[in-house]
Amino acid sequence: MMLSRLLLGSAGRAHRWMQFAVFLTVLGMVPKVAHAVTGAINGGQRVMSSQGNYCDTTLGMDCTAARFPANQGVGNAVPLKRIRVEVWREDANGARLGTQPIGVSYTSLTGAYTVTWSYTSTPSKVRLDFVYCHQDDRFCVKSETGAQWYNTMRSGITPVANSTVALGYSTWNNAAVGNVYDAASRVWEEAFRYSAYLLPVFNAVTIKYPDSSQAPGDAITTGATKTILMADNCSAMPMNCVAHEFGHMGMYLLAPFTFCGAYSANFQVTSTENFCVAFEEGMAQFLAQVSFYWLQAPAPRYCISASACGPAGGWSLETSSGTTCSASAPRKSMITSARYAWDAYDQIDDGWGDSVQQSYDAMLAGVAAWPTGTSNTLAVRDEPWNSPYTLVDDADGRSALDYKAYLDNGISTTTQYNNNCAPGGD
Amino acid sequence: VIVKSKNQPLFPPVLLGANAAAALISGLLGYASTAPSTQAAEPPEPALTAPKSPPGQLALRLVPEVLPSTDGDELTVTVHMENHTDATFETATATTLVDDRGEEWLPEAIVPGAELPGQDSVEQDVVVPAGLPDGYFRLEVTVGYREAEQQHPLTTLQNVYFAREEEKVVLMSAGDWLLRSGAMQAQDVSDEPGSEDGIEEDSQ
């Protein structure tokens, strides 16, 4: 019954179409079908890395479980991963023709791409613009004014209808924006994409680079607008710029909060801050650090540098101060909070009963589970603030101790907490 | 590029090839060839702000100044280094001048450098002489620093962006330089047909 009805319906539609065609023919309006010409372009795109913070065994670093080895750092060609590639018609001067691309695709993790183009005729010349946006709209790199950055990586290409033009791999040698994009894609590919908690919330993030409001090496994150402002030289320091700020952004997007934000005048990695600052900075660095070292790493170093950290430069997140705090790692410093988080996450036993290993996702689940509110007696995410959000009345009220309450979901990290100088407030 | 210390005789620059800065800084760190000044920058006032990145242990600030000369404008950049820690750093400075196509215009100059006591600062001058053609240029200044007992220096770097127009030097912000110069235009440096040596995919 159903089949006959379908056939009847189909035949009926065909009959009506025939009637319509005859009607048009009588009127002298023979329907025409526009045939688009298509073709494809393939190749691969890399940028020359200008980034430090790679792990280098030749310097004596232990690079076990390192995710950013020296052969992907400064002076090496690295693939532009999962970036938007557009085919544009091009005039004799190399300028774009038309108002929209005639083909769009994305690179793979190796930087390889195949873009199919389609137009009413075969263009004489086309160009490939690499638009600094991630395939899944996780992030884009834009100018200070919000204009979308793109590089014209290939120009003057002669397309061939019904055929694929193979361009091969090329390397872009002078790509500051490309290096910022590469750093961002590293954080996403090596860490964030593994989190079921970050997948639904970490999207449409804008990196404004270079931003003139930022002093050299500085970057700042505004979670509510999903915007990160980044200084010019951040293209060389991924650990402390892109990755660290992505850590801040991830924290906010998982559990939006109002940052207490009163840094000390001499804010440093090891300076004494209020717990709100110390915890937020420490957790941001922990989330960032996982894109450079995974849980099996015995020496996950963090440094603020445009070169490798070296075996002793910066700070190791695996160096615990123990139950007694030290001047080089005060209780209310970001490094102490970061080390607590790392010990809760990593697989290395530090010798004081450090047997707990929380998954990356579990670490983020602890953030996501943080309830809203400003109560000074409950572990809520805006505890530093008074209830109308006009005053920070308890700057120590948001700390690793509050986070621990939600991280310890059946698995206690008390040993890790206590052996990192107990970096928590009230 | 000529690098000289503030109020000190000119250092003879050591010229090396590109990308040698880190290795060279490791090897050439000298001792006390620049007298550190006793000035200290005023700390910023604490204020409520959004989450940010911590500053480095050594802060680098470049102050460019355009000076007319008979051969056209000369660019002098004061390199201000400030030690934010209590440790004494050995420092070395490397400078590179490239155009918007990534071409090097002057060989990298390295100055094995200064000893910088904790919480102190020091200045050096970098001079880009007149005589460059019209175009867009970027002066990159890299400073390596380490504590005496450390083997591998950390580095920080900063750029000065400028255009050269009929013997005049026009200073530019990084963003304007990227927008106006050819830095975002097509400039492939290599073609490797068929090359597919990508990154291994892994699971965590």
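Ala65(A) is located in the loop that runs between β1 and β2 (77-79) of chain A. In this predicted model, the phi angle of Ala65(A) is near 65°, a positive value in a residue other than glycine. The relative accessible area of Ala65(A) is 21%. Buried requires a value under 20% and exposed a value over 50%, so Ala65(A) is classed as partly exposed.

Asn162(A) also has a positive phi, of about 55°, although it is not a glycine. The loop that holds Asn162(A) lies between β9 and β10 of chain A. How accessible is Asn162(A)? Its relative accessibility is 70%, so Asn162(A) counts as exposed.

## A cis peptide bond

The peptide bond that joins Tyr209(A) and Pro210(A) is cis, with omega at about -10°. Pro210(A) belongs to the loop between β11 (205-208) and β12 of chain A.

## The loop around Thr374

Thr374(A) sits in the loop between α6 (360-368) and α7 (400-407) of chain A. Is Thr374(A) buried or exposed? Its relative accessible area is 17%, so Thr374(A) is buried.

Setting aside neighbours within four places in sequence, Thr374(A) is in contact with Val380(A), Asp382(A), Glu383(A), Trp385(A), Asn386(A), Ser387(A) and Tyr389(A). Asp393(A) is 19 residues away from Thr374(A) in sequence, and the C-alpha atoms of the two are 9.9 Å apart in space.

## The largest nonpolar core

The largest nonpolar core contains 140 residues. Those with the most contacts inside this core are Ile41(A), Tyr132(A), Phe192(A), Met230(A), Phe246(A) and Phe286(A). The largest share of the core comes from α3(A), which supplies ten residues.

What does Phe286(A) touch, not counting residues up to four places away in sequence? Its contacts are Ala338(A), Ala341(A), Trp342(A), Tyr345(A), Tyr360(A) and Met363(A).

## Chain B

Chain B has two helices and eleven strands. Read from the N terminus on, its elements follow the order β-β-α-β-β-β-β-β-β-β-β-α-β. Chain B has 204 residues, and 47% of them count as buried. Among the contacts in chain B between residues at least 6 apart in sequence, 71% join residues at least 24 apart.

Ala94(B) lies in strand β5 (residues 89-99). The relative accessibility of Ala94(B) is 1%, so this residue counts as buried. Ala94(B) and Glu104(B) are ten residues apart in sequence, and their C-alpha atoms are 14 Å apart in space.

## Where the two chains meet

The size of an interface is often given as the accessible area lost when the parts come together. Here chain A and chain B bury about 5300 Å² between them, and 56% of that area is on carbon and sulfur atoms. In terms of residues, 80 from chain A are in contact with 58 from chain B. How many salt bridges link chain A and chain B? The count is zero. Polar contacts do occur between the chains, in 18 residue pairs with both residues at pLDDT 80 or more.

Several elements of chain A each supply at least two residues of the side that touches chain B. The strands among them are β1 (37-48), β9 (150-157), β10 (164-172) and β12 (219-222). The helices are α2 (176-190), α3 (239-254), α4 (275-289) and α5 (334-345). By type, the residues on this side of chain A divide into 42 nonpolar, 27 polar and eleven charged.

How values were computed. Residues are numbered from 1 along each chain as its sequence is written. Chains are lettered from A and ligands numbered from 1 in the order in which they are written. This is a predicted model: local features need pLDDT of at least 70, side-chain atom pairs count only at pLDDT 80 or more; totals for chains, interfaces and linings use all residues. Side-chain values use heavy atoms; hydrogens and water are left out. Contact means heavy atoms within 4.5 Å. Buried area is the accessible area (1.4 Å probe) that two parts lose on being put together, summed over both. A salt bridge is a side-chain nitrogen of Lys or Arg within 4 Å of a carboxyl oxygen of Asp or Glu. A polar contact is a pair of N or O atoms within 3.5 Å; within protein, one must be able to donate a hydrogen and the other to accept it, and residues adjacent in sequence count only if both atoms are side-chain atoms. Helices (H or I, at least four residues) and strands (E, at least two) are DSSP runs, numbered from the N terminus. Ala, Val, Leu, Ile, Met, Phe, Trp, Tyr, Cys and Pro count as nonpolar, Asp, Glu, Lys and Arg as charged, and the others, Gly among them, as polar. Buried means under 20% relative accessible area, exposed over 50%, partly exposed in between (1.4 Å probe, protein chains only). A nonpolar core is a set of buried Ala, Val, Leu, Ile, Met, Phe, Trp, Tyr and Cys residues joined through side-chain atoms within 4.5 Å.
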